[in-house]
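Some notes on this model follow, as numbered points. Please read them with the coordinates open.

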Amino acid sequence: MANEKRPALVRGDSASGNEGVMTEMEEINQRYLFKLRQNAGIKRLIERKWQQNQWQPVGQGFDAVEDEIRLAGWSRARRIVVLRRQVKDHLAVEMNTGNQQGTLHFVDHPDKIKVWEYAVLVTSADYSSEAFGQWYQDRADCENGLDELKNQWGWGGYTTHDLGRCNLSARAVALIYNWWSWYVRLAHPKTHLEAITSCPLLLNGVARLTQHAGQSRLLLTLTHVASDQIKTMISSVCKGPDFILANAPRLPKIERWPTLVRYIIDKIFATRPKNPPVLDLPTFHLASNSG
């Protein structure tokens, strides 16, 4: 892959955090950030770091501590970042003892009992510790789109063994998902709404087409309980095409869709904080293979 098309960082879950994948990344000088399975060695590492108590806050509710270790089966020592985040919600612990019926215990003293969520990451990047809380959280956000495609849009598999039909079906689903996602972000630019939420909201109504004096009008009757919210979202949708027609009436048809997408992106960025935290991310360079 050409250097200018190379990703700045490859992120993956525990399935990628193994010697084979990491070695391949290192051979091509590709930065990576992978999660490690919490086997016995990793659990001993977490316990050791807990005893040393050198945690530093890194944002997103995470504390972090670093080390450089060489696990069994690894060809070299690698940088390890241990993230932890306290679980503060109401907790209930179920205990099963043999064949007896399990018992449920409520944790009602969070000031005396602390429950931690841990994640152990391995990386070849030289980013600061403060960056990893955000990078780790963003990886999960990227996977949400794939989860939505599989579980809400039918991308989880097909019954035919015909590769051509599978390709056609997969491309059709991806195209419709893409169109619907842009439409919903135009209606609600603040956050992404998955299909399980957006479809009942925006597809639950009765439409009637009327024609008078050479004009056609589409009258919508909303039956959803959140009709006021839906009206606001539909109004936002109408503003997009109106903006294009008002500001670029002579724009060629082929340019109207990219212009509308840029309009939606501007609306999305307008809802974000004005002064977001700046992560310490160094410039990405690839080593030359020449010579």
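1. Ser 198 touches Trp 180, Val 184, Leu 193 and Leu 203, leaving aside residues up to four places away in sequence. The residue sits in helix H5, which runs over residues 195–202. Ser 198 has a relative accessible area of 0% and is therefore buried, the cut-off being under 20%.

2. The model is predicted, and its confidence values deserve a look before any detail is used. The mean pLDDT of the chain is 82, with 88% of the residues at 70 or more. Over residues 279–291, however, the pLDDT is below 50. Beyond near neighbours in sequence, that stretch still has 22 contacts in the model. Where pLDDT is low, the predicted coordinates should not be read in detail. Among the elements, helix H1 (residues 19–27) has the highest mean pLDDT, 92, and strand E7 (residues 103–107) the lowest, 71.

3. For the chain as a whole, the secondary structure comes to 7 helices and 10 strands. The chain has 291 residues, of which 27% are buried. Of the contacts with a separation of 6 or more, 55% are between residues 24 or more positions apart.

4. Helix H2 covers residues 40–52, 13 residues in total. From first C-alpha to last it reaches 19 Å, close to the 18 Å expected at 1.5 Å a residue.

5. Which residues of H2 are buried? They are Ile 42, Leu 45, Ile 46 and Lys 49. Viewed down the axis of H2, these buried residues fall within an arc of 100°, so they line one face of the helix. What they pack against is strand E4 (62–69), strand E5 (78–87) and strand E8 (115–123). On the face of H2 turned away from the buried side are the exposed residues Lys 43, Arg 44, Trp 50 and Gln 51.

6. At the start of H2, Asn 39 places a side-chain oxygen within 3.2 Å of the backbone nitrogen of Gly 41. Gly 41 itself lies in H2. Its relative accessibility is 25%, so Gly 41 counts as partly exposed. Gly 41 and Leu 71 are 30 residues apart in sequence, and their C-alpha atoms are 7.5 Å apart in space.

7. Most residues other than glycine have a negative phi. Asn 53, which follows H2, has a positive phi, near 55°. Asn 53 is found in the loop between H2 and strand E3 (56–59), and at 55% relative accessibility it counts as exposed.

8. The other asparagine is Asn 29, whose phi is also positive, near 60°. Asn 29 is found in the loop between H1 and strand E2 (32–35). With a relative accessible area of 34%, Asn 29 is partly exposed.

Conventions
Residues are numbered from 1 along each chain as its sequence is written. This is a predicted model: local features need pLDDT of at least 70, side-chain atom pairs count only at pLDDT 80 or more; totals for chains, interfaces and linings use all residues. Side-chain values use heavy atoms; hydrogens and water are left out. Helices (H or I, at least four residues) and strands (E, at least two) are DSSP runs, numbered from the N terminus. The expected span of a helix is 1.5 Å times one less than its number of residues. Buried means under 20% relative accessible area, exposed over 50%, partly exposed in between (1.4 Å probe, protein chains only). The arc is that of the directions from the helix axis to the C-beta atoms. Contact means heavy atoms within 4.5 Å. A polar contact is a pair of N or O atoms within 3.5 Å; within protein, one must be able to donate a hydrogen and the other to accept it, and residues adjacent in sequence count only if both atoms are side-chain atoms. pLDDT is the predictor's confidence in each residue, from 0 to 100.
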